[in-house]
Amino acid sequence: MPQQKEIKSLEEIKQLVDLFYEKVRKDDLLADVFNRVIQDNWPAHLEKMYRFWQTVLLQEHTYQGSPFAPHAKLPVHGDHFDRWKLLFFETIDENFYGDKALEAKFRAEKMAEMFQLKIDYFQHNKRKRFHEG
């Protein structure tokens, strides 16, 4: 088991993101969704995730954009978010400790809740418009 460390720099952010997405890409539930959308653009996606978490955890503002927009039309439900959180928390717990590790888990939990609510809302309204039309 790797030695745990604190999240203090972009180096640890990259390690967290790489280890997490390595799990996602092998996961029975999540791999198809991610691979279908990202295809062969994994390096660009990972780079964007480095910048996102660098901005969130280190307050080094390198991420520009809206994190929800690319996820709005994904075919995902509660079980996908539960697995995403499980893998993220597992990656944190296996490799990191300290305040930033706790903050990363808190932020991931809140982001998953928000994304799930918004996606459910969009999917519900899409079905509603389909049946009304």
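Modeller: From the N terminus on, the order of elements in the protein chain is β-α-α-α-α-β-α. That makes five helices and two strands. The model is predicted, so local features need a pLDDT of at least 70 and side-chain atom pairs count only at pLDDT 80 or more, while totals for chains, interfaces and linings use all residues. Residues are numbered from 1 along each chain as its sequence is written, and side-chain values use heavy atoms, with hydrogens and water left out.

First, the chain as a whole. Of its 133 residues, 39% are buried. A residue is buried under 20% relative accessible area, exposed over 50%, and partly exposed in between (1.4 Å probe, protein chains only). The chain exposes about 8,400 Å², and carbon and sulfur atoms supply 54% of that area. Such areas come from the Shrake-Rupley method with a 1.4 Å probe, and for residues only the protein chains shown count as cover. Of the contacts between residues at least 6 apart in sequence, 76% join residues at least 24 apart; a contact means heavy atoms within 4.5 Å.

Next, the interior. In soluble globular proteins, nonpolar side chains tend to be buried together. A nonpolar core is a set of buried Ala, Val, Leu, Ile, Met, Phe, Trp, Tyr and Cys residues joined through side-chain atoms within 4.5 Å. The largest one here has 37 residues, and those with the most contacts inside it are Ile7, Val17, Tyr21, Phe34, Trp53, Trp84 and Phe88. Two or more residues of this core come from each of H1, H2, helix H3 (42–58), H4 and H5. H3 gives the largest share, nine residues.

Several residues show how these parts meet. Leaving aside neighbours within four places in sequence, Tyr21 is in contact with Phe34, Trp42, His45, Leu46 and Met49. Phe34 is one of the buried residues of H2, together with Ala31, Val33 and Ile38. The buried residues of H2 pack against H1, H3 and H4. Just after H2, Gln39 has a positive phi of about 55 degrees.

Helix H5 holds Ala104, which counts as buried because its relative accessible area is 0%. Not counting residues up to four places away in sequence, Ala104 touches Trp53, Leu57, Phe88 and Ile92. Ala104 and Phe88 are 16 residues apart along the chain, with 9.0 Å between their C-alpha atoms. Leu102 also lies in helix H5, but at 55% relative accessible area Leu102 is exposed. Its C-alpha atom is 9.4 Å from that of Phe89, 13 residues away in sequence.

In helix H3, Thr55 is buried at 15% relative accessibility. A polar atom of the Thr55 side chain lies 3.2 Å from the backbone oxygen of Glu60. Beyond its neighbours within four places in sequence, Thr55 is in contact with Glu60, His61, Thr62 and Tyr63.

Last, the charged pairs. Side chains of opposite charge can pair when their charged atoms come close. A salt bridge is a side-chain nitrogen of Lys or Arg within 4 Å of a carboxyl oxygen of Asp or Glu, and a search of the whole structure finds 10 of them. One joins Asp27 and Arg83, at 2.9 Å from N to O. This pair links distant parts of the chain, 56 residues apart: Asp27 is in the loop between helix H1 (10–24) and helix H2 (31–38), and Arg83 is in helix H4 (residues 78–95). Asp27 is buried at 11% relative accessible area, whereas Arg83 is partly exposed at 28%.

Another salt bridge joins Lys100 and Glu103, whose closest N and O atoms are 3.7 Å apart. Both residues lie in helix H5 (residues 99–132), three residues apart, about one turn of the helix. Lys100 is partly exposed, at 24% relative accessible area. Glu103 also forms a salt bridge with Arg107, at 3.1 Å from N to O. Glu103 and Arg107 are four residues apart in helix H5, so about one helical turn separates them. Arg107 is partly exposed at 35% relative accessibility.

Conventions. A polar contact is a pair of N or O atoms within 3.5 Å; within protein, one must be able to donate a hydrogen and the other to accept it, and residues adjacent in sequence count only if both atoms are side-chain atoms.
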